[in-house]
Amino acid sequence: MTSLLAIEDLGADGIREVLRLADSFVEVSERAIPRVPALRGRTVATVFFEDSTRTRLSFETAAKRLSADTMTFSVSTSSVNKGESLRDTVETVAAMGIDAMIVRHRSAGVPWQVSRWIDASIINAGDGWHEHPTQALLDCYTVRQALGLDDPFPGLRVAIVGDIKHSRVARSNVAAFSALGARVTLVAPPTLLPPSLEGWPVEVSYDLDAVLAETDVVYLLRIQAERMNEALFPTLREYSALYGMTRERAGRLCASALIMHPGPMNRGVEIAAEVTALPNSLITRQVTNGVAVRMAVLFRLLGAPEASEALVAHA
Amino acid sequence: MPELFLAGGTVLDATGSRRAHVRVIDGLVVETGEGIGAGAGAQVLDASGGVVCPGLVDLHTHLRQPGNEEAETVESGSRAGALGGYTALVAMPNTDPPIDSAAVVRQILELGRASLCEVAVAGAITVGRAGERLAPLAEMAEMGVRLFTDDGAGVQDGRLMRRALEYALPLGVTLAQHCEDAALAAGSVMNEGEWSSRLGLPGQPAEAEELMVMRDIALARMTGGRLHFLHLSTAGSVAMVGAAKAQGLAITAEATPHHLALTESCLSGYDPNFKVNPPLRTDRDRAAVRRGLADGIIDAIATDHAPHTQEAKEMPLDQAPPGMVGLETALAVAHTELCAGEGPLMPLADLVAAMTWRPAAIAGLHARHGGPIEAGRPANLCVFDPTARWRVDPEAMASRSRNSPFRGRELTGRIRHTIRAGQPVVIDGQAQR
Amino acid sequence: MAERERLLTPPLGGVFVARAQVMTAEDVSRATTRIAHEVAERNHGLDDLVLVGLQTGGVPLARRVADALDTANAQSVPVGSLDVAFYRDDIGLRPVLPEAVTNIPWDLTGLTVVLVDDVFFTGRTVRAALNALADHGRARAVQLAVMVDRGHRELPIRPDFVGKNLPTRRDEMVDVSESGVMLGDVVVK
């Protein structure tokens with residue numbers, strides 16, 4: 001596997017491999033010198049057409065801790081604004097000699113298009129509404145870490161709440177959690193669900209309160225205010241009343257239930273401020289684990305030195 | 001010009017099918033038959049093993065000139081058409097400036113004078129195709145325009161569409177509609193459904209097309225106007241048109257080769273070459289469109305040849321313009337999907353009808369195109385080889401653009417020669433100029 | 001040791017087929033005890049000394065050396081484990097994943113580290129281990145204990161404490177366990 005564009009590229013075994021690898025990188029990250037030479041001499045370019053300081057830094061830190069060289073391209077400083085095409089931009093970066101490109105774009109499918117143009121390994125850091133595989137991996141890792149078991153997923157009840165329709169985090173998480181054997185329920189008003197759930201391994205509920213008591217993990221998605229203008233729901237207040245994780249709702253979860261959010265949060269909308277600080281909230285740990293999980297992904301994709309020569313030798 | 005002799009083919013036209021040679025002198029067919037011989041000095045073209053039929057007529061081509069010559073011109077588009085067996089093209093009016101006045105009609109007719117296909121012009125229904133005011137339909141009809149459409153978009157305002165149908169009644173013309181409810185389709189990139197949900201892309205539901213089909217059938221009934229539906233793509237649309245025709249309404253319809261061949265799953269690799277309006281739909285829709293063509297509910301195959309530059313089609317999927325080139329592959333694709341192989345869906349004669357005399361009638365070009373291959377009629381002919389297998393290579397195409405969804409596909413059926421007004425413009429698959 | 005791990009794990013997925021037993025269980029036990037004595041002797045006691053077993057073969061051996069040291073000296077020696085997956089330099093089709101998480105919970109500065117592995121072959125695993133140890137502090141000294149030295153070293157590294165010197169062919173394989181040392185071949189599908 002040379003690229004990670006979607007969770008299905010990994011399969012259940014691949015996901016588990018990444019999670020176990022991440023354990024080792026958590027250990028590395030806790031050392032006084034949190035660095036290993038595994039990707040020394042490799043170059044990793046982060047090419048973000050959509051702003052996201054947090055995810056970009058997480059990837060760059062991961063690459064640096066593996067001793068790789070990094071190259072950063074972000075849209076505000078780029079020539080894309082001068083009319084340079086997507087293909088030209090990507091080929092220019094690749095021409096500088098890179099081993100991997102981490103791509104984020106507001107249009108779904110861009111990583112697939114890019115992978116047809118350049119030779120490097122591609123990691124999808126978020127493409128439109130479609131997928132954000134490393135987010136799902138770090139979410140699975142955080143659950144595994146919190147429950148203290150190597151494989152806590154079979155039968156685990158996960159509820160993903162919010163704007164599923166426009167959420168790449170939701171799509172990747174549905175793929176990842178269900179591949180590992182968890183039972184996923186989507187909770188949203190009908191207008192925020194995809195037009196068709198044919199083939200999705202999920203159950204659906206429009207009623208968050210009905211689902212709360214039987215959930216092991218509640219995963220809250222950010223609701224964007226702009227969606228109000230598309231007649232998807234009338235007001236944030238009404239959304240929050242029906243689907244917000246209030247202090248009161250958090251109280252009705254089972255004692256062992258976990259609360260998650262990919263960030264950034266709209267406090268007071270999909271999640272109450274006090275809930276983020278509860279002991280069963282994993283939100284901070286999700287961020288921390290991002291680096292180790294991304295190190296695991298980079299190592300898995302690039303960690304076989306001179307692999308192409310080995311291919312020739314074995315042929 | 002020397003006599004032209006098409007030797008040894010099977011002539012297929014509206015009168016039937018027969019083994020016959022064809023003699024062409026001074027732009028006209030002079031005789032056909034098995035026992036005839038070529039005159040002295042005649043240019044002989046081998047039609048053995050091939051089908052000699054009327055030159056194909058495309059109701060729906062985007063020649064991009066004026067305004068987007070980088071993607072295509074009247075000249076390059078006509079060459080592409082000729083290589084695809086076409087002798088007549090109806091140029092769509094979404095050019096820049098749009099074809100909404102006599103002046104632009106004249107400009108395009110002028111550009112088409114020297115081209116390899118006869119270029120007829122479709123005028124816009126509304127000024128600027130903006131959907132607000134009627135364009136000067138009579139003025140354009142005076143210049144020979146027989147088909148009017150705002151294609152690229154549908155006329156959203158029901159009252160305006162009604163007025164257009166009424167106003168067009170005495171002009172002997174046909175209004176053609178690109179059925180797409182702009183509000184329901186807003187922001188869409190593909191068909192809405194299982195695939196768009198999986199791929200995380202905004203889609204337009206079948207209803208975006210069907211609501212306008214429903215409305216326009218009602219308006220056609222109300223006004224008695226003649227209406228042609230462009231590129232039908234859904235099972236619901238086909239059913240409604242079938243019912244309307246059964247009631248005797250003056251309605252015709254076309255479908256594209258790509259809607260006969262492909263479905264929404266083609267978008268799985270996010271390749272903008274599969275992005276088109278109306279979008280590729282479900283298996284069920286495709287089956288209904290094929291059935292509709294076989295049953296005659298859909299009268300004609302029209303390419304909706306929509307060239308776009310490579311840069312345009314390399315943009316992210318949601319930004320890339322919709323459209324596919326199709327002139328050079330239309331007959332081959334339709335033949336491969338519908339007539340070749342085991343269990344063909346329709347006889348070859350019906351396919352030829354759908355690409356020659358029926359679109360010629362709808363376009364008002366039947367005096368010169370699509371007609372029976374017999375003495376006295378203009379020689380606009382096509383010779384194609386129904387068994388030839390070839391692989392689609394967009395780099396080898398005559399069109400200026402390369403956005404074909406059939407890249408790399410193996411097709412059965414290939415144009416051998418195209419004769420335009422008695423002149424061989426394509427010989428053995430090569431354009432002669 | 002690393003080469004063996006690489007051959008035995010997917011996608012190569014080889015299987016070890018034993019041909020001869022070169023050390024019995026008792027031989028291994030006696031050698032373990034002797035190594036323990038040598039470690040204590042060379043270092044004039046066990047103060048400021050830690051054992052670090054190399055994944056995977058060295059880890060149980062380090063444990064047994066520690067037990068032997070404890071028995072002989074009534075002093076408990078800390079034992080850690082090190083996986084060198086992130087420090088390797090070998091060529092492969094896929095990265096070799098760590099067998100287990102490294103566990104070196106102390107700052108090694110000023111300590112004597114005795115690396116323990118089951119088989120010493122080319123020396124590359126130990127080189128990688130030395131690099132890894134450097135990231136945990138500046139050890140006062142690093143020494144190497146192995147049960148079997150099978151020859152064919154490719155780097156100027158040699159063990160300080162050896163259970164048995166065993167000349168082998170390059171393509172042979174050595175398997176060390178509590179029940180003895182076997183010489184054989186790896187059959188790769």
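His152(C) sits in the loop between strand S5 (141-149) and strand S6 (161-165) of chain C. Helices and strands here are DSSP runs numbered from the N terminus: H or I of at least four residues for helices, E of at least two for strands. His152(C) is not a glycine, yet its phi is positive, about 75 degrees. The residue counts as partly exposed because 14 other C-beta atoms lie within 10 Å. A residue is buried with 20 or more other C-beta atoms within 10 Å of its own, exposed with 12 or fewer, and partly exposed in between; the C-beta atoms are placed from the backbone.

This is a predicted model, in which local features need pLDDT of at least 70, side-chain atom pairs count only at pLDDT 80 or more, and totals for chains, interfaces and linings use all residues. Residues are numbered from 1 along each chain as its sequence is written, and chains are lettered from A and ligands numbered from 1 in the order in which they are written.

Most residues other than glycine have a negative phi, and most peptide bonds are trans. Arg129(B) is another non-glycine residue with a positive phi, about 60 degrees. Its loop runs between strand S8 (118-123) and helix H3 (137-142) of chain B. Is Arg129(B) buried or exposed? Arg129(B) is buried, because 22 C-beta neighbours fall inside 10 Å.

Two cis peptide bonds can be listed too. Gln65(B) to Pro66(B) is cis, with omega near 0 degrees. Pro66(B) lies in the loop between strand S6 (56-61) and helix H1 (74-83) of chain B. Gln55(C) to Thr56(C) is also cis, with omega near -10 degrees. Thr56(C) belongs to the loop between strand S2 (49-54) and helix H3 (58-73) of chain C.

**Chain C overall**

Chain C has four helices and eight strands. Their order from the N terminus is α-β-α-β-α-β-β-α-β-β-β-β. The radius of gyration, taken over C-alpha atoms, is compared with a globule rule of 2.2 Å times the number of residues to the power 0.38. Chain C has 16 Å, which agrees with the value near 16 Å for a compact globule of 189 residues. Along the principal axes, its C-alpha atoms fill a box of roughly 50 × 35 × 25 Å. Of the 189 residues in chain C, 38% are buried.

Two residues are in contact if their C-beta atoms, placed from the backbone, lie within 7 Å. In chain C, 73% of the contacts with a separation of 6 or more join residues 24 or more positions apart. The mean pLDDT of chain C is 90, and 91% of the residues score at least 70. pLDDT is the predictor's confidence in each residue, from 0 to 100.

**Hairpins at the end of chain B**

Two strands pair if DSSP finds at least two bridges between them. Strands S17 (residues 410-420) and S18 (residues 423-427) of chain B run antiparallel, joined by three bridges. Thr418(B) has Val426(B) as its bridge partner in S18(B). Two residues separate the strands of this hairpin, and Ala421(B) in the turn has a positive phi of about 50 degrees.

S18(B) also pairs with strand S19 (residues 430-431) of chain B, antiparallel, over two bridges. Here Ile427(B) is partnered by Gln430(B) in S19(B). This second hairpin also has two residues between its strands, and Asp428(B) takes a positive phi near 50 degrees.

**Between chains**

Which of the two pairs of chains in contact shares the most contacts? Chains A and B do. Chains B and C share no contact, and their closest C-alpha atoms lie 26 Å apart. The model scores ipTM 0.89 and pTM 0.90.
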